[in-house]
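Please open the model in a viewer and keep the sequence panel at hand. The stops below proceed by selection.

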Amino acid sequence: MNRVLLAIIALLACSVSICAKPGYVEADSACSTAPLITADGNIIISVRAPKALIVELQGDFLEEGDDTCMYMDSPRIMLMKKDSLGIWSRTFKAAQPETYMYNFLVDGKMATDPCNENVYWRYKNQWNIFTIGGTPQVDLYLDNPQGGVIDTLTYYSPKDRFRRRCTVYRPYGYTDAKTYPVIYLLHGLNGSEHAWLDLGRAKQILDNLIASGEIPPVIAVMPDCNTGRRAKKVLHKTLFSNMLNYSAMKRSHIVDVFPLLMDTINSRYSTSVKAEDTFIAGLSAGAQFAADIVKANPDRFSAVGMFSPVVGKREVPKKLEPSENVLYWISIGKKDFFYKNGQKFCMRLEQLGHKKMLVNEFDNGHTWRLWRYSLTSFIRKVLKAE
């Protein structure tokens, strides 16, 4: 094949997708909050891309062959239609109440919605999110006027030789005049200290449960469990260079630095240091981290929540005596690719004679829908209003 023919092929490929220029997706001057929810409850998702040849919508709510928003365990892709102004759109019928995520494929290039400021990182890519309320469970995700405050906290780790990051939830009406129970929430692989806030909706869940009197005011701590994350804002390529890299989350490392984090929280906030007032939970890989932290610090926790645990039979220590008084609250989805993995972990606990264990099986997969529900159920179980 001669050079001229190669050049022509490259030019054609570039015109379709490979060489999409920055700004291919443009912000519509008339756009506001997105997606647009119509008076009759329909959802319109649109994006301005006048130069694009093909624009596809991908999200975890696309039912193939049916323009209805229904929650799916994994994202689906659907074509969008272009109007004379270069705006691509798709309309969906009234949605199932849930928190959804989506983005666009513009001539094969991934792009977010410039009209939707709610952005979440997942697997090295950005996704927009939006929430539809309607049922009692999903209403827990909605903003409450008596909402807590989110603090950005850094603390120095001698092991890392730099300052590490975490976010802290302070309940509405927080005061140093009283002490509060505290729960630590760990993210999974590819997550960060913002994961439980962005897609986990932890603030909204806690706000509503506290406001309804179902649980007492509680402090929630959400640390960044990645070893390479420093306490400063950096560009995308630097911040997420270790994504999809298991070495970025080292269990032994997290276990080692966690007591320092707990001591920092107890010194800066009016927290109870009693084990019966201290809890920890994690999702996916973070579930195993949470279990390891409890085993290393058995006298500091009363319960551990393990949501879709990515663990195996061999990862459970032969003896559980150090944490035998700790409640293991476990949730696993029957459609989860780690379902059998989680079952083996539970069976191992039973074989070891651990009696304080609650196992909850759901029809979901390895998804945020399950983890949000798990968080709600877990804190209702371990936190009781006075």
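Are Glu193 and Arg165 buried or exposed? Select the two residues to begin: Glu193 is buried, and Arg165 is buried as well. The model on display is a predicted one.

**Stop 1: Arg165 and its partners**

With Arg165 and Glu193 still selected, display the side chains. The two form a salt bridge, with 2.6 Å between the closest N and O atoms. This pair links distant parts of the chain, since Glu193 sits in the loop between β13 (182-186) and α3 (195-198), Arg165 sits in strand β12, and 28 residues separate them.

**Stop 2: Arg170 and Asp151**

Remain on strand β12 and select Arg170, together with Asp151. Their side chains meet in a salt bridge of 2.6 Å, N to O. Because Arg170 belongs to strand β12 (residues 162-170) and Asp151 to strand β11 (residues 149-157), the pair ties together parts that are 19 residues apart in sequence.

How do the two partners count in terms of accessibility, buried or partly exposed? Arg170 has a relative accessible area of 22% and is partly exposed, whereas Asp151, at 17%, counts as buried.

**Stop 3: a salt-bridge network**

Select Glu98, Arg369 and Arg372 next. These residues are linked in a network of salt bridges. For the whole structure, the count of salt bridges comes to eight.

**Stop 4: aromatic rings**

Turn now to the aromatic side chains, among which the structure holds 17 pairs. Select Phe61 and Tyr100. Their ring centres are 5.5 Å apart and their planes stand at 80 degrees, so the pair is edge-to-face. Phe61 is in the loop between β3 (55-59) and β4 (76-79), while Tyr100 is in strand β7 (residues 98-106); the pair thus links distant parts of the chain, 39 residues apart. Phe61 is buried, with a relative accessible area of 0%, and Tyr100 also counts as buried, at 0% relative accessibility.

Then move to Phe307 and Phe378. This aromatic pair is edge-to-face, with 6.1 Å from centre to centre and 75 degrees between the planes. Phe307 lies in strand β16 (residues 303-307) and Phe378 in helix α9 (residues 368-382), so that distant parts of the chain, 71 residues apart, are linked. Both Phe307 and Phe378 are buried.

Which residues do ring pairs link into a cluster? Select Phe61, Phe92, Tyr100, Tyr102, Phe104 and Phe130 to display the cluster.

**Stop 5: the whole chain**

The protein has nine helices and 18 strands. Of its 386 residues, 51% count as buried. Among contacts between residues at least 6 apart in sequence, 73% join residues at least 24 apart.

Conventions:
Residues numbered from 1 in each chain as written. Predicted model: local features only at pLDDT ≥ 70, side-chain atom pairs only at ≥ 80, totals over all residues. Heavy atoms only, no water. Phe/Tyr/Trp six-rings, centres within 6.5 Å; stacked < 30°, edge-to-face > 60°. Helix = DSSP H or I, 4+ residues; strand = E, 2+ residues; numbered from the N terminus. Buried < 20%, exposed > 50% of the residue type's maximum accessible area, 1.4 Å probe, protein only. Salt bridge = Lys/Arg side-chain N within 4 Å of Asp/Glu carboxyl O. Contact = heavy atoms within 4.5 Å.
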